[in-house]
Amino acid sequence: SNAHNPTTKDMSAAMFAQSASACRSTPVGRKDFFKGSKLSASRVSAPRAMVSRTVKATAVSMEETQSPTAISNSKSVAAVILGGGAGTRLYPLTKQRAKPAVPIGGAYRLIDVPMSNCLNSGISKMYILTQFNSVSLNRHLARTYNFGNGIMYGGNGFVEVLAATQTPGLGGKEWFQGTADAVRQYSWLFEDIKNKDVQDVVILSGDHLYRMDYMAFVDRHREVDADITIGCLPMDDERASDFGLMKIDDTGRITEFAEKPEGDALKAMQVDTTILGLDAERAKEMPYIASMGIYVFNARAMEKLLVEEFPECHDFGGEIIPKAKDLGMHVQAFLYDGYWEDIGTIKAFFDANLACNDPEKAKFSFYQTGAPIYTQSRFLPPSKLLDAEVSKCTIGDGCFIKKSKLTNAMIGLRTNIQEDCVIEDAMIMGADYYEETHECQDLPGCTPIGIGAGTVIRRAIVDKNARIGMDVQIINKDNVDSINCEADGYIIKDGIVVICKDAVIPNGTII
């Protein structure tokens, strides 16, 4: 399996290397291991006493040792991962699960990405705020990131799920109203004794796909003594109007915000991105900076903004941060020049997953040993392929594929594909359990879990536990862009057919 579990020897070795380095007296910098990316290998994050003008994101290789200063700094950071709203743009994948619990990459869940980034960055204090359809997310977190009361972190680390609940005080009897309100309702936690050393809080989203060293992010925030630092992406003219943009001065301090500007307002938001570390050629191609939706807050500044200054504001990006700038607080930009994708729509989700199949073109890889993406260890058998023709596919554990042709497909755990099937440009999420043959045979008219013989699937997503009969064609025959046929077990969005979780598609159906 290409999936890693943080309770295995991978994390044990990583944490041992981290703690052992505290015995060394010579500071050791972190290594930039983004091989093949656009990150500059010369830009690394140094211990605080040695910091120079570093503004690009790198990532921590836990196989490398860190200085005592770097370890101490990471222990003074807490991460808050936001579970997201109702996820309507990803529906029906979010019908029975939260966005961060949506399966990706054949073996993972979206939440594994920010969780793994935290672990690989040495951040061991993590809160996950959940609200909508959080059962499967909570189950996955409990099974995957149970670190035995922080033993692996010297007793100081933890992963805690914070569900929306009723609390005393203003707004305490309401659901989370936005990103800032969610953090506000649990702001009292940062007064807890276990958070006494927390100086900065990293606010993260649970539905982005990227690999990043958060401690480089925090180091820059501390170096310039900022109250808030925003993760930013360099952006070209074509895509800039789809994002919230910022203007900066010659030190990288943010001076102006604009939400999805167009025309002259868009042109007015151009900045010199060489200030943030881009070379002159790239800066000419990318004259804008867009918010990634991730932030570092000084803990005291965050409490002041949420509780004292703006207790009625619900959103970080649209309300709290612009108002903090207007108050005269130091709001800084931090450039991340690597792959990042907000996979909040069906098309973005579909394209990002299938892009991982071709190693020569993939912008994101789950195979990077220096910074693995962790997930639940399921102890499944190897996949079995019998006389199958497979090209550019990713196949998870425990699959059975018989005499079929697969091209550019992402095949999830426990997928069962019978003979003479054709799967092209498709994502099959697999199943949560194995179904014994007799379990279905004993029921009249039962369609087994998996894909029946002679079925053709093109440009589609098949959610978990779907029962696809024999000789079915899921090909969007009429080239429909969007239609809701949920009663029949499927929805089409952006021309992509999505078979709902637990759906039953009878023999001979043509979609």
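Cys 440 is buried, at a relative accessible area of 4%, where buried denotes under 20% relative accessible area, exposed over 50%, and partly exposed the range in between (1.4 Å probe, protein chains only). The model is predicted, so that local features require pLDDT of at least 70 and side-chain atom pairs count only at pLDDT 80 or more, whereas totals for chains, interfaces and linings use all residues. Residues are numbered from 1 along each chain as its sequence is written, and side-chain values use heavy atoms, with hydrogens and water left out.

Cys 440 is joined to Cys 446 by a disulfide, with an S to S distance of 2.0 Å; a disulfide is taken as a pair of cysteine sulfur atoms within 2.5 Å. By this rule one disulfide is counted. The link of Cys 440 and Cys 446 is left-handed, with -110° about the S-S bond. Cys 446 is partly exposed, with a relative accessible area of 26%. Two further cysteines are buried: Cys 232 has a relative accessible area of 0%, and Cys 421 has one of 2%.

Helix H6 spans residues 214-223, and nine of its ten residues are buried, so the helix is largely enclosed by the rest of the structure. Helices (H or I, at least four residues) and strands (E, at least two) are DSSP runs, numbered from the N terminus. The buried residues of H6 include Tyr 214, Phe 217, Asp 219 and Arg 222. At the start of H6, a side-chain oxygen of Asp 213 lies within 3.0 Å of the backbone nitrogen of Met 215. H6 is followed by Asp 225, which has a positive phi, near 55°.

Note on methods. Polar contact = N/O pair within 3.5 Å; in protein donor to acceptor, adjacent residues only side chain to side chain.
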